[in-house]
Amino acid sequence: MTNQPDKHLRAVLPIPDVARPGLTTYDAKDPDTKYPPIEPLRPPAGAPNVLIVLLDDVGFGASSAFGGPCHTPTAERLAGGGLRYNRFHTTALCAPTRQAMLTGRNHHSVGMGSITETATSAPGNNSLRPNTKAPLALTLKLNGYSTAQFGKCHEVPVWQTSPMGPFDAWPSGGGGFEHFYGFIGGENNQWDPALYEGTTPIEPPATPEEGYHLTEDLADHAINWMRQQKALLPDKPFLVYFAPGATHAPHHVPKEWADKYQGKFAHGWDRQREITFARQKELGVIPADADLCARNAGITAWDDMPDDLKPVLERQMEVYAGFLEHTDYQVGRLIDALADLEVLDDTLIFYIIGDNGASAEGTMNGAFNEMANFNGMAALETPEFMRAKMDEFGSPASYNHYSVGWAWAMDTPYQWTKQIASHWGGTRNGAIVHWPAGIREKGGLRSQFCHVIDVAPTILEAAGLPEPMFVNGVQQSPIEGSSMLYSFDQAGAPERHDLQYFEMFGNRGIYHRGWSAVTKHRTPWLLTEQAPPFDADIWELYDGNQDFSQAHDLAREMPDKLASLQRLWLIEAAKYNVLPMDDRTGERLNPDLAGRPTLVRGNSQLFFPGMGRLSENSVVSIKNKSFSITAEIEVNGQPASGVIIAQGGRFGGWSVYAKDGKLKFVYNVLGIHEFPTEATELIPQGKHQVRMEFAYDGGGPAKGGNVTLYYDGKPVGAGRVGATQALIFSADETTDIGYESGTPVSPDYNVHSSKFNGKIHWVQLDAGLDDHDHFIDPEERLRVAMARQ
């Protein structure tokens with residue numbers, strides 16, 4: 001910070017250009033010709049560099065910096081030179097936390113009441129950030145900062161994620177970041193991610209076999225960017241936002257990192273909570289009089305889990321612990337780079353260890369492919385199947401998640417987990433602030449209540465920047481967070497953020513001056529659970545001044561206090577667009593039922609060769625119904641080979657392709673069952689129409705159906721698909737035409753051999769089977785397809 005006068009009027013952004021009156025000469029050679037020098041825009045003197053590190057799905061009790069079993073030496077190093085915050089809070093879910101942090105506003109205020117994939121048309125849940133709430137990165141950029149983001153962006157409305165945008169919500173579009181390298185969406189395959197540079201899709205620079213891992217790649221790019229920025233613009237501060245997909249599922253990590261923890265979790269999750277709890281008290285990150293919350297009846301005791309499954313459960317936690325340590329190591333590389341550049345002391349670092357509590361979305365048994373549970377098909381992963389796959393957990397062959405029990409243990413000492421915004425297990429995350437130039441105390445602890453919306457105003461105050469009144473001509477609404485800067489050198493200062501609501505899928509609560517009133521509405525891993533009416537929810541009351549961990553419910557003893565906090569929650573909910581609450585699950589995945597826009601309308605979609613990286617929200621849905629694929633292709637010379645169209649990948653999807661000159665179709669259910677159909681004849685040379693028809697059995701979701709293959713309307717093959725995926729193929733794999741990116745749907749080909757060797761003129765997807773003799777008249781194709789959309 002600095003007290004030097006600032007000549008810029010920074011409340012209006014971009015800063016208006018002000019003409020300086022003075023003598024204008026006729027001839028530039030006139031000795032009276034004088035103009036002030038051009039000065040590049042910079043923030044006020046003393047404004048620090050800023051590094052925000054936001055990890056994914058890490059509970060309060062996971063990192064060793066907060067007493068957990070996962071070794072995180074970088075977090076410990078930063079905490080030793082800075083401050084730990086043990087009452088720092090998030091929103092209980094990833095996209096809401098991220099949008100709240102990036103804007104300094106509550107998540108419903110910026111339309112992110114839940115994740116983008118479940119957006120509705122309600123203002124608090126539509127996934128659209130109002131232009132009256134400009135993001136921090138834009139404010140800093142317009143004040144003279146360099147800005148870059150690396151990693152996860154889960155703030156783009158799903159109907160804006162296609163290669164055609166619009167890109168207003170993308171980091172390098174309207175998000176304020178001059179550079180972006182990472183992925184769009186909630187999660188990604190760490191071994192084979194769908195990457196973007198800016199808004200351009202790119203492929204990973206190496207393969208898993210060549211040693212590629214996403215977190216390492218993100219760290220490489222962040223380090224190179226910081227080095228270049230300081231080499232070229234040494235007087236210009238930067239904002240770097242490093243948001244790896246780690247440790248969100250899938251838990252992917254090189255085997256040697258997981259093996260470091262071999263045998264260390266044989267005692268199970270109940271005992272692990274006791275060990276962590278004792279360590280937390282030793283470190284002083286929880287009060288000496290704090291109590292360990294009891295296990296809820298919805299979480300199975302370790303002793304009651306099947307003995308033959310316990311080795312698998314142990315391995316799940318070993319993999320996760322290795323994943324978190326590996327991630328922390330990559331963060332350490334960024335810190336080392338700052339030290340090498342001699343700017344570490346002048347960099348304000350927020351290391352936020354989790355965007356919510358630990359994830360309990362993996363069922364009690366955990367998952368080899370987490371998409372099984374998301375499709376209501378977790379029963380396919382039997383104990384026998386899991387044991388057979390135990391050595392592959394964390395490898396490129398897996399899309400794994402750990403058990404609910406481990407998530408609960410990683411949230412020690414609190415109740416519940418991610419998604420449960422009512423309790424600290426879902427919302428309280430360890431946070432570390434490091435800024436040697438701005439914080440005198442080393443290794444201190446701060447216990448003021450803080451929330452992720454406090455990050456933006458803290459950075460603005462540290463940089464000596466005002467909250468903007470206008471951005472791009474739009475008047476801004478006030479930032480809703482409170483700066484934490486006051487606490488940097490005042491350990492005992494009264495907290496300034498003393499009122500905060502919480503809500504996610506009906507799980508809700510309110511914090512006010514030490515007290516919290518909360519009610520859990522639904523359980524995240526029970527996807528088919530029938531939630532009660534909101535008014536039937538049972539509220540709990542906790543006195544945080546005496547009960548750090550929400551272990552002692554006072555609702556019966558103090559009904560008047562509970563009633564006053566319930567009323568306060570309702571007032572805050574109305575103020576910040578929380579109402580109407582929406583606890584629907586599957587319905588919100590359907591855009592028509594949810595009320596959000598769709599990129600493609602109707603039952604037909606036309607594709608052309610080279611199109612790709614189309615998310616499931618960019619393609620007509622073919623789930624739980626009949627559908628057909630028709631393509632006009634041209635084969636000249638060698639037998640046809642390669643992908644015509646594919647959706648999904650190794651862990652679920654379908655593909656229409658050619659192999660050894662014959663048309664093939666495969667439906668891959670979760671990487672567990674494959675149902676191939678192959679033509680009995682070669683595809684003729686020349687231009688022809690090939691077609692696949694899938695006739696759904698009906699009778700509910702996830703049923704099977706019959707497959708028929710055609711050349712120019714003539715049947716050439718038939719087969720059977722025994723089951724299908726009802727809700728989702730993948731969170732990161734896409735639809736591609738003429739090739740396949742990511743992991744392959746079928747083992748018949750790999751990404752490098754997937755390119756179709758002939759010519760594709762067009763491909764048409766039809767949801768539903770029309771009566772047109774299994775052939776589309778080329779002259780009618782475009783007119784019909786466009787009319788349906």
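This is a predicted model: local features need pLDDT of at least 70, side-chain atom pairs count only at pLDDT 80 or more; totals for chains, interfaces and linings use all residues.
Figure 1. Of its 789 residues, 60% count as buried. The chain has 16 helices and 29 strands. Its radius of gyration is 28 Å, close to the 28 Å given by the globule rule for 789 residues, so the chain is as compact as a globular protein of that length. Along the principal axes, the C-alpha atoms fill a box of roughly 90 × 80 × 50 Å. Among contacts with a separation of 6 or more, 74% are between residues 24 or more positions apart.

**Figure 2. A nonpolar surface patch that includes Val12.** Val12, Met469 and Phe470 make up this patch, which covers about 240 Å². Val12 belongs to strand 1, residues 12-13. With a relative accessible area of 34%, Val12 is partly exposed.

**Figure 3. Surroundings of Cys153.** The whole structure contains 0 disulfides according to the search. Cys153 is accordingly in no disulfide, and the nearest cysteine sulfur, that of Cys94, is 11 Å away. Cys153 counts as buried because its relative accessibility is 1%, and buried means under 20%.

Figure 4. The closest cysteine sulfur to that of Cys293 belongs to Cys70. The two sulfurs are 20 Å apart, which is too far for a bond; a disulfide would need them within 2.5 Å. Cys293 is buried, at a relative accessible area of 4%.

Technical notes: Residues are numbered from 1 along each chain as its sequence is written. Side-chain values use heavy atoms; hydrogens and water are left out. Buried means under 20% relative accessible area, exposed over 50%, partly exposed in between (1.4 Å probe, protein chains only). Patches are made of residues with over 30% relative accessible area and no salt bridge: like charges are joined within 9 Å, nonpolar side chains (Val, Leu, Ile, Met, Phe, Trp, Tyr) within 5 Å. Accessible areas come from the Shrake-Rupley method with a 1.4 Å probe; for residues, only the protein chains shown count as cover. A salt bridge is a side-chain nitrogen of Lys or Arg within 4 Å of a carboxyl oxygen of Asp or Glu. Helices (H or I, at least four residues) and strands (E, at least two) are DSSP runs, numbered from the N terminus. The radius of gyration is taken over C-alpha atoms; the globule rule is 2.2 Å times the number of residues to the power 0.38. Contact means heavy atoms within 4.5 Å.
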